[in-house]
Structures are given as structure tokens and as C-alpha cells.
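Okay, thanks for coming, everyone.

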Amino acid sequence: QVQLVESGGGLAQAGGSLRLSCAASGRILRTYGMGWFRQAPGKEREFVAAISWSGSTPVYVDSVKGRFTISRINVKNTVYLQMNSLKPEDTAVYYCAADRQARLSENTYEYEFWGQGTQVTVSS
């Protein structure tokens, strides 16, 4: 069993920054991949970024490249999403997820474990 808890969401102005954290506990292994997804009201859950616990290159959806950075501190079992140059269209509930096969996939169904989500609201 793996538990994921997101934090760091809140309200930001357009052009501002937020840093999300995902604390993992339980049977998390360094062979897993970790991802961030987001879901706006009435929209499907969308892939944002993914990273492995090892040294693989992070993966990003095109819309956040150059603005968002995914990172992790292994000894803390924590994954981060640094969000800069925020836009109103970034407004969503952000979820972290774990994939036992570390596929760094954009598909929600390839992640077995999910957090509860944290709200990010960007005003204009």
C-alpha cells in the first residue's frame, strides 16, 4: 500500500509561482515513477509531469514546459512541482500519482496510486 499526500496548493496571481509537494509513504520503491496530473471542472484529468526516483529525464506536457519543474528528494520520499509564470488556465486540482513500472506515462490508468489532490487557483 502506498499513500500520497499533496500540499502547497492555493491562490496565485497570473505570473506568480507555487510549489506543490507530494509526500509518499508506505511501500514506495525507488523503481516507481511519480507523476503530477491536474483536473479542471468539467475536464478530463490531464498529465502534467513525471519523474523517476532514479536519474531519468523528467517528462512534461507541452503546455507547462519552461514554466513547471518536477523534482524529488529521495530521502524525504517527496516529489515537488515548482510552478512558475502561472496562467489562469493552470487552475485545477493537482494530483500526484505513482506508477510501479516507472513508465512516466501521460495516461491516468497506468498509475496505481493517487493522492487526494490540492487545489490551485490562478487569478488574472
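Some ground rules before that. This is a predicted model, so local features need pLDDT of at least 70 and side-chain atom pairs count only at pLDDT 80 or more, while totals for chains, interfaces and linings use all residues. Residues are numbered from 1 along each chain as its sequence is written, and side-chain values use heavy atoms, with hydrogens and water left out.

Let's start with the sheet. Four strands make up an open sheet, in the order 1-3-8-7, with antiparallel pairing. When I say strand, I mean a DSSP run of E with at least two residues, numbered from the N terminus (helices would be runs of H or I with at least four). Two strands pair if DSSP finds at least two bridges between them. Which strands stand at the edges? Those are strand 1, residues 2-7, and strand 7, residues 68-73; each has a single partner strand, so one side of each has no neighbour in the sheet. On average, neighbouring strands here are turned by 20° against each other, direction ignored. For that angle, axes are lines fitted to C-alpha atoms (for helices, over the stretch in contact), and angles run from 0 to 180 degrees between N-to-C directions. Take strand 1 and strand 3, residues 18-26: they run antiparallel and are joined by six bridges.

A search of the whole structure turns up one, where a disulfide is a pair of cysteine sulfur atoms within 2.5 Å. The partners are Cys-22 and Cys-96, with their sulfurs 2.0 Å apart. Cys-22 is in strand 3 and Cys-96 in strand 9, so to speak distant parts of the chain, 74 residues apart. The link between Cys-22 and Cys-96 is right-handed, with 60° about the S-S bond. Buried or exposed, these two, Cys-22 and Cys-96? Cys-22 counts as buried at 0% relative accessibility, and Cys-96 is buried too, at 1%. Buried here means under 20% relative accessible area, exposed is over 50%, and partly exposed is in between, with a 1.4 Å probe and protein chains only.

Next, the cores. In soluble globular proteins, nonpolar side chains tend to be buried together. The term covers a set of buried Ala, Val, Leu, Ile, Met, Phe, Trp, Tyr and Cys residues joined through side-chain atoms within 4.5 Å. The largest one has 30 residues, and those with the most contacts inside it are Leu-4, Met-34, Trp-36, Leu-81, Met-83 and Tyr-94. Among the elements giving two or more residues to this core are strand 1, strand 4 (33-39), strand 8 (78-83) and strand 11 (118-123). Have a look at Tyr-94: leaving aside neighbours within four places in sequence, its contacts (heavy atoms within 4.5 Å) include Glu-6, Leu-20, Trp-36, Phe-68, Met-83 and Val-120.

Now for charges. How many salt bridges does the structure hold? Eight, counting a side-chain nitrogen of Lys or Arg within 4 Å of a carboxyl oxygen of Asp or Glu. In one of them, Glu-46 meets Arg-38 at 2.9 Å, N to O. Glu-46 is partly exposed at 31%, whereas Arg-38 is buried at 6%. There's also a network of salt bridges linking Asp-99, Arg-100, Arg-103, Glu-110 and Glu-112. Within that group, Glu-110 and Arg-103 meet at 3.6 Å, N to O; Glu-110 is buried at 17% and Arg-103 is partly exposed at 34%. Glu-112 pairs with Arg-100, and their closest N and O atoms are 3.8 Å apart.

Last stop, the backbone. Ser-85 has a positive phi of about 50° although it isn't a glycine. Ser-85 lies in the loop between strand 8 and strand 9 and is partly exposed at 40%. Ala-102, also not a glycine, has a positive phi of about 50°. You'll find Ala-102 in the loop between strand 9 and strand 10, partly exposed at 25%.
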